[in-house]
Amino acid sequence: MPDRPMTDHAISDRFPYPVLYESPRLVVIDKPAGLPVHPGPKARHSVEALFPLLSRRKDGPWLVHRLDTDTSGCLMIALRKQALVEAQALFASGNVRKTYWAVVHRGPTENEGLIDAPLRKVSTQAGWHMETHPEGQSARTSWRVLSRGRTHALIELTLLTGRTHQARVHCALLGCPILGDERYGGREGALHLMSRSLDLSLRDDQVSARATPPGFMRESCQAFGLELP
């Protein structure tokens, strides 16, 4: 059988998770929480392990960007090398609108704002984490409150840069750590953070993808009296 992209119908039928956007060059999937993007010693199942379901070509697919294992939502995958180069250039230059939703403890005092706090990686014997530091890489996050409850809030985060753990650290900096984010003060449990949407314009693709909040996040919103838009 010649190397060729699978048809749209084949991708939708064979891929086990929702496909939010697809073209001959790109797909955006709704990655579930708990699924790593790369295989590893503790987890053979991963997004990359599913690549043969997206394309029969020998060159690719490729991850355009990454999501943490515990973060659900929009994840872009390139089926063509040129699309990968174009999309990654847009991510690097800040020309991709990346929106996240998070359920946080308490909630910010204000209804919206901008966090401008550089981040750097810190490694210790216990592992690594990100921290704010004036000599770190530039990290900027615009945020607004979508819904408030007595003990928690639902906030929307627009990442203006793409640093590791940016949403998580910036929420903690607000004094409102993300529910389930034990590393940054949010206590144990499922991480209530999702990549809600991706919007970008490429030469042959106008991408506008929206992911659905996972079940546990919807249940928590209902329990805390938070309204999902």
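How many residues lie between β11 and β12 in their hairpin? There are four. Before going on, a note on the model. It is predicted, so to speak of local features we need pLDDT of at least 70, and side-chain atom pairs count only at pLDDT 80 or more, while totals for chains, interfaces and linings use all residues. Residues are numbered from 1 along each chain as its sequence is written, and side-chain values use heavy atoms, with hydrogens and water left out.

Strands here are DSSP E runs of at least two residues, and helices are H or I runs of at least four, numbered from the N terminus. Strand β11, residues 193–201, runs antiparallel to β12 and is joined to it by five bridges; pairing requires at least two DSSP bridges. Asp199 stands opposite Ser208 in β12. Strand β12, residues 206–210, has a covered face with Val207 and Ala209, and an uncovered face with Gln206, Ser208 and Arg210.

Next, the cores. A nonpolar core is a set of buried Ala, Val, Leu, Ile, Met, Phe, Trp, Tyr and Cys residues joined through side-chain atoms within 4.5 Å. Buried means under 20% relative accessible area, exposed over 50%, and partly exposed in between, with a 1.4 Å probe and protein chains only. The largest core has 32 residues, and Val104 and Leu193 are among those with the most contacts inside it. Elements giving two or more residues to this core include β2, β5 and α3. Its largest share, four residues, comes from β10. A second, separate core of 27 residues includes Val207, which we met on the covered face of β12.

Now His65. This residue lies in the loop between β3 and β4 and is buried, at 12% relative accessible area. Contact means heavy atoms within 4.5 Å. Leaving aside residues up to four places away in sequence, His65 touches Cys74, Leu75, Met76, Phe91 and Leu198. A polar atom of the His65 side chain lies 2.9 Å from the backbone nitrogen of Met76.

Last, the rings. A charge sits over a ring if NZ of Lys or CZ of Arg is within 6 Å of the ring centre and within 35 degrees of the ring normal. Lys121 lies over the face of Trp128, at 4.6 Å from the ring centre. Arg196 lies over the face of Trp101, at 4.3 Å from the ring centre. Phe15 counts as buried, at 5% relative accessibility.

Technical notes:
Polar contact = N/O pair within 3.5 Å; in protein donor to acceptor, adjacent residues only side chain to side chain.
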